[in-house]
Amino acid sequence: MALFKSLESQEDNKSQKIVNSEAEKVKCLIIGSGPAGYTAAIYAARANLSPLMYEGLEPGGQLTTTNDVENFPGYPEGVTGPVMMEELKAQAQRFGTDVRFGLATATDLSSRPFKVTIDGNKLIEAEVLIIATGATAKYLGLESEEKFKGQGVSACATCDGFFYKGKDVAVVGGGDTAAEEATYLAGICNKVYLIVRKDYLRASKVMVDRVMKTKNIEVLFEHTTKEIVGDMTGVNGVLLTNGKGEEVKKDIHGFFVAIGHKPNSDIFADYLETDEVGYIATEPGSTKTKVEGVFACGDVMDSEYRQAITAAGSGCKAAMDAERFLGAQL
Ligand code: NDP
């Protein structure tokens with residue numbers, strides 16, 4: 001018998017059985033509703049695959065936690081993340097995508113049609129499955145961090161760095177992402193504090209060298225973040241604790257968290273190949289996974305670029321791969 005894992009297993013690793021109810025049968029099921037999922041839906045709907053999409057817990061995905069998106073082609077004046085996601089959703093619905101609120105809680109990908117349980121009580125059987133469940137940026141877990149998300153706290157320098165042009169910012173983390181974000185921000189901002197909890201950077205040597213050679217990056221080794229401070233207008237400082245246990249305050253306007261991402265792939269892990277972090281493996285140059293008829297797109301399979309535009313591009317590929325797969329079955 002197949003094993004089923006719940007999506008809650010992202011947090012607590014509990015197992016959950018697939019629901020035993022009469023299944024709703026669909027040609028194409030899309031799980032996840034960021035730029036990858038909506039783009040897959042637009043293409044699948046226009047290809048007559050009658051896609052059904054479940055949006056997940058955070059309809060619109062990570063972009064709904066960003067303010068302005070200025071790097072997505074086609075919006076010369078920029079657009080807010082939530083508005084862009086609403087527009088993508090409307091475009092997917094215009095071509096007939098059935099978009100529903102609900103969370104995939106269990107899967108059985110051992111044979112076709114694939115079985116997916118929604119919210120623990122509804123069973124969908126799908127001829128093809130497109131996984132666009134994204135990744136979740138890890139945060140420190142501070143209350144003040146939550147309070148200032150989108151108002152100075154961000155997990156994406158490429159997305160939000162420009163808003164802090166000429167200002168002082170901080171990046172927390174010691175890996176390659178933190179090093180990359182810090183050097184990227186150094187090109188835009190006045191000063192970048194890199195907050196590292198250990199006495200060394202875990203990033204690759206080339207990135208460490210780049211950080212150390214960048215004049216406006218100051219690395220604060222053995223510092224941890226105590227609190228992010230600010231007011232109605234957003235973040236204006238960060239309280240740190242140094243290696244001697246002393247409190248240190250830095251005046252900053254942007255606080256970038258770069259302590260890793262967690263791809264939302266746990267419920268597929270029994271069937272699909274993933275790397276050690278959980279990114280779903282796909283055939284090079286395509287969105288095909290190890291299981292024929294299951295395609296993955298967007299941040300759940302991309303540890304490298306993680307941009308809205310690259311996610312949208314891979315969503316398009318997933319729908320085309322799904323259409324070709326179904327065409328070849330006839
Ligand atoms: P990593 O897991 O490599 O690094 C996370 C960093 O965040 C570590 O320095 C860790 O500290 C720190 N950290 C974790 N939790 C906390 C916390 N609660 N408080 C403070 N610091 C914390 O994640 P990355 O996203 O940097 O990289 C993921 C993978 O992607 C790596 O394999 C990396 O090499 C790769 N990558 C490659 C790039 C490239 O080649 N261009 C670019 C970006 C990423 P500690 O060291 O103490 O554990």
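Two strands count as paired if DSSP finds at least two bridges between them; strands themselves are DSSP runs (E) of at least two residues, and helices are runs (H or I) of at least four, both numbered from the N terminus. By that rule, strand S11 (residues 168-172) and strand S12 (residues 191-195) pair in the parallel sense over five bridges, with Val-171 opposite Leu-194 in S12.

Keep in mind that this is a predicted model: local features need pLDDT of at least 70, side-chain atom pairs count only at pLDDT 80 or more, and totals for chains, interfaces and linings use all residues. Residues are numbered from 1 along each chain as its sequence is written, and side-chain values use heavy atoms, leaving out hydrogens and water.

Zoom out, and S11 and S12 belong to an open sheet of five strands, ordered S10-S17-S11-S12-S13 with parallel pairing. Its edges are S10 (153-154) and S13 (217-220), each pairing on one side only.

Now look at Glu-181, which sits in helix H5. What does the side chain of Glu-181 reach at 3.1 Å? That would be the backbone nitrogen of Ala-157.

Elsewhere, strand S6 (residues 104-108) has five of its five residues buried, so it is largely enclosed by the rest of the structure. A hairpin of five residues joins S6 to S7, and the two pair in the antiparallel sense over four bridges.

Key. Polar contact = N/O pair within 3.5 Å; in protein donor to acceptor, adjacent residues only side chain to side chain. Buried < 20%, exposed > 50% of the residue type's maximum accessible area, 1.4 Å probe, protein only.
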